[in-house]
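Subject: Structure handover

Hello,

Here is the structure for you to look through. Please open it beside this email. My notes follow below.

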Amino acid sequence: MNVSTPAYIEAGPSSATSTLVFLHGIGGGKKGFQSSVNYFAEQGFRALAWDMPGYGDSQANSTLTFESLAASLEAMLDAAKVERAVLVGHSMGGMVALQAWAHCPSRIAGMVMAASSPAFGQQDGDFQKQFVAQRLAPLDAGQSMVQVADRLIPSMVGPLALPEGAALAQYSAGLALAHACMSAVPPQTYRAALHALVKFDQRAALPTIKVPTLCLAGVHDKTAPPEVLRRMAQKIQGAEYECISGVGHLMSFEQEAPFHEVILNFVRRHF
């Protein structure tokens with residue numbers, strides 16, 4: 001498989017005993033995890049965040065599939081000289097982490113699955129088609145990714161993040177960053193990622209996971225509801241489940257402090 005080596009940011013000592021790698025979702029980018037990289041570096045860890053192939057500064061692979069994304073992640077670990085990493089995947093990034101477990105388990109020391117799931121929705125085909133059509137309708141109508149972000153960001157957050165009727169100008173710094181990340185996604189990449197997303201299914205991998213794993217939910221998340229994360233944790237040997245109060249799907253952008261605290265407690269317990 002001919003894949004590109006993704007661009008990434010990093011901080012923290014190269015001599016650190018553990019390395020965290022942050023994997024963003026379909027509307028993200030490495031800039032969305034810059035403060036997380038800095039925070040965990042300050043706690044003594046080495047931390048990286050990538051631009052998924054086709055995002056930000058990363059060259060697109062010839063085809064965007066979860067297989068190619070996992071291979072690109074392994075190429076990035078090679079380039080960064082990371083032997084084993086704790087993968088912290090948000091949303092689609094959690095799916096990339098699961099795919100990476102199937103692809104190169106020896107490179108994975110642990111996983112945090114944040115607002116993610118082991119398979120996409122209902123596997124009957126019609127649901128996927130409707131989801132893709134709904135998500136792509138604005139682009140098909142000639143709208144920009146900025147307009148897509150205008151519509152989607154408010155629908156994915158908890159009620160405390162953007163009170164009903166609040167204007168986009170009232171975004172917090174975190175949600176403004178989420179909006180900027182989604183707005184910057186190339187339309188062709190967003191299309192390709194959506195088509196890959198609806199085919200994802202790694203439920204069979206869950207019982208094979210033998211590394212410390214945290215399934216992290218947001219109490220108001222409608223995209224990856226808490227029950228999905230709780231059930232996923234039950235299918236992974238020794239996995240932990242946590243639910244952050246007050247947040248929706250964009251948990252780290254909505255309330256970064258509790259997101260960091262839960263992950264820090266997890267990695268300090270195990271690594």
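What is the mean pLDDT of the protein, and what percentage of its residues reach 70 or more? The mean is 94, and 95% of the residues reach 70 or more. pLDDT is the predictor's confidence in each residue, from 0 to 100.

This is a predicted model, in which local features need pLDDT of at least 70 and side-chain atom pairs count only at pLDDT 80 or more, while totals for chains, interfaces and linings use all residues. Residues are numbered from 1 along each chain as its sequence is written, and side-chain values use heavy atoms, with hydrogens and water left out.

Where pLDDT is low, the predicted coordinates should not be read in detail. Helices (H or I, at least four residues) and strands (E, at least two) are DSSP runs, numbered from the N terminus.

**The strands**

Start with strand E4 (residues 85-90). Six of its six residues are buried, so E4 is largely enclosed by the rest of the structure. Buried means under 20% relative accessible area, exposed means over 50%, and partly exposed is in between (1.4 Å probe, protein chains only). In a regular strand the side chains alternate between the two faces of the sheet. Both faces of E4 are covered. Ala85, Leu87 and Gly89 are buried on one side, and Val86, Val88 and His90 on the other.

E4 has partners. Two strands pair if DSSP finds at least two bridges between them. E2 and E4 run parallel, joined by four bridges. Here Leu20 stands opposite Val86. E4 and strand E5 (residues 108-114) also run parallel, with six bridges. There Ala85 faces Ile108.

Now look at Thr19 in E2. Thr19 is buried, at a relative accessible area of 9%. Contact means heavy atoms within 4.5 Å. Beyond its neighbours within four places in sequence, Thr19 is in contact with residues including Ala85 and Val86.

Most residues other than glycine have a negative phi, and most peptide bonds are trans. Ser91 is not a glycine, yet its phi is positive, about 55°. Ser91 sits in the loop between E4 and helix H3 (92-103). It is buried, at 15%. Ala115 also has a positive phi, near 50°. Its place is the loop between E5 and H4. Ala115 is buried too, at 1%.

**Asp221**

Ala115 is among the contacts of Asp221, as are Pro226, Val247, Gly248 and His249, leaving aside neighbours within four places in sequence. Asp221 lies in the loop between strand E6 (213-218) and helix H8 (226-234). What is the nearest side chain of opposite charge to Asp221? It is Lys222, 8.0 Å away. Asp221 is buried yet has no salt bridge. A salt bridge is a side-chain nitrogen of Lys or Arg within 4 Å of a carboxyl oxygen of Asp or Glu. For charge, Lys and Arg count as positive and Asp and Glu as negative; His and the chain ends are not counted. A polar atom of the Asp221 side chain lies 2.8 Å from the backbone nitrogen of Thr223.

**Leu160**

Finish with Leu160, in the loop between helix H5 (145-155) and H6. Is Leu160 buried or exposed? Leu160 counts as exposed, at 63% relative accessibility. Leu160 touches Gly246 and Gln255, not counting residues up to four places away in sequence.

Best wishes

Definitions and conventions: Polar contact = N/O pair within 3.5 Å; in protein donor to acceptor, adjacent residues only side chain to side chain.
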